[in-house]
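Subject: The structure we talked about

Hi,

Please have it open while you read.

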Amino acid sequence: NSAGFYRLDNVAVGTQDVVSISPEGVSLFGRTSVRAGEVSNLDLIYGFGPDGDRSEIGFLTRFFTPGNSSFATINSRGGDFRLRPLSQLGGNLRSLHWSRANTDEVLVVSDFESPSGEVYLSNIRNSTTRRLTSNGVAEDSADLSPDGERFVYAIDSDSNGRFEIVASRLDGSNAVVLVPDMDTGTTRLRDSRDPVWSPDGTSIVFSSRRLDAGASAFETSFNLILLPVVTVIDPGDSRFNSVVASGAPVLLTLNIADDRRSAWDPLGGNIYFDRAVASRNQLFTVAVSPGSQALQITNDLFFNTSPSISFEGTRIAWVSTSTLAGSNPDAEAEVFIGQFSRTGDRVTGITSISQLTRTPAGSAISLARFRSPPPGASSLIDGIVR
């Protein structure tokens, strides 16, 4: 960089980890391939210093491979973004969530080994990838439990076009269908997508619509539903070590337009999501309690989708086609970030909006997600808890 370069001497041949820490406490993690007389393949990864601040956003972009979405990251304060190859995994990625238990891990859905998509867990620091499903049927999206021991995903197990919500241990055991595609008592047909685990692990929110003949126009659109869950810890229970529903589903939204791609607010009982408004998606928030009214937090002529909330609850990142201040002249989907303005527990708007990525036309970006911090990490930087 502008300050010069680092030289590595007397490093043993083989694979080595390299950590560089600046005087300000910012760390770079790297893994090098060392051959006799030569160091190669140094790939530095922006990390966190003693303050525990990762300050990084992951997103899916077609910039690197036209037609396929790849995983990339950018610092939430701006700068260049970079490709993050996932070891032994290619294909098109269509779902992305960071692990809360291991901040180097990402959960993705890829069509690499199955055209319909499978779920994978990749560690970007250790360069390992673990395939979690081998179903050979369509899988829509997935998320990890806060402890990193289980995952929940949407799957069309019988290929009828309607997805169910399933929770399982990482090894595939103790799989439970939490939300079937048909209610046996009422014969109502459901299509459920986008499951996201709550930060405390006690519930899952997902998008669902009815597809049976008796459904109203409101019910045939995707609405948000919250399902309380619990892990059975009684060894005498046949469901031991399985995630099961612990209460009745709670309808959070009922709207003529689709409510999709939700995210939790770690500071309060609120959900953020995007809704199609006048043929353009806008960002909304709703409290996780029956009868709450959704509050619109973006209102412009552009597409705004895939909200993600920083772990300290003060910032939001999302994907937008906004041409804010002329910084996005081709109206391509880019990652934006802003500060929350709050009234009590509710967010009332977004301030200090800035555009983080700048890509050419045809390299669409989707699914921006804040990287999780190390468990328990918290510090005050420039007046902002990060």
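L86 sits in the loop between strand 6 (82–83) and strand 7 (93–98); strands here are DSSP E runs of at least two residues and helices are H or I runs of at least four, numbered from the N terminus. This is a predicted model, in which local features need pLDDT of at least 70 and side-chain atom pairs count only at pLDDT 80 or more, while totals for chains, interfaces and linings use all residues. Residues are numbered from 1 along each chain as its sequence is written, and side-chain values use heavy atoms, with hydrogens and water left out.

L86 is buried, at a relative accessible area of 8%. (Buried means under 20% relative accessible area, exposed over 50% and partly exposed in between, with a 1.4 Å probe and protein chains only.) Beyond its neighbours within four places in sequence, L86 is in contact with F71, L93, V106, V108, S122, I124 and T129, where contact means heavy atoms within 4.5 Å. One of these, S122, is 36 residues away in sequence, yet the C-alpha atoms of the pair are 6.3 Å apart.

Another loop residue is T357, between strand 27 (346–355) and strand 28 (365–370). T357 is buried too, with a relative accessible area of 0%. Its side chain makes a polar contact of 2.6 Å with the side chain of E334 and reaches the backbone nitrogen of V335 at 2.9 Å.

S292 lies in the loop between strand 22 (280–287) and strand 23 (295–296) and is buried, at 18%. The side chains of S292 and S289 are joined by a polar contact of 2.7 Å. Setting aside neighbours within four places in sequence, S292 is in contact with L252, V286 and A287.

Now for the charged pairs. The count comes to 18 salt bridges, each a side-chain nitrogen of Lys or Arg within 4 Å of a carboxyl oxygen of Asp or Glu. In one of them, the closest N and O atoms of R371 and D104 are 2.8 Å apart. R371 lies in the loop between strand 28 and strand 29 (380–381) and D104 in the loop between strand 7 and strand 8 (105–110), so this pair ties together parts that are 267 residues apart in sequence. Both R371 and D104 are buried. R193 and D191 also form a salt bridge, at 2.8 Å from N to O, and both of these residues are buried. The salt bridge between R210 and E219 has an N to O distance of 3.0 Å; R210 is buried at 6%, whereas E219 is partly exposed at 24%. Salt bridges that share partners also join E56, R84, D104 and R371 into one network.

As for the protein overall, there are zero helices and 30 strands. Buried residues make up 51% of the 386 residues. Among contacts between residues at least 6 apart in sequence, 43% join residues at least 24 apart.

Best wishes

Definitions and conventions
Polar contact = N/O pair within 3.5 Å; in protein donor to acceptor, adjacent residues only side chain to side chain.
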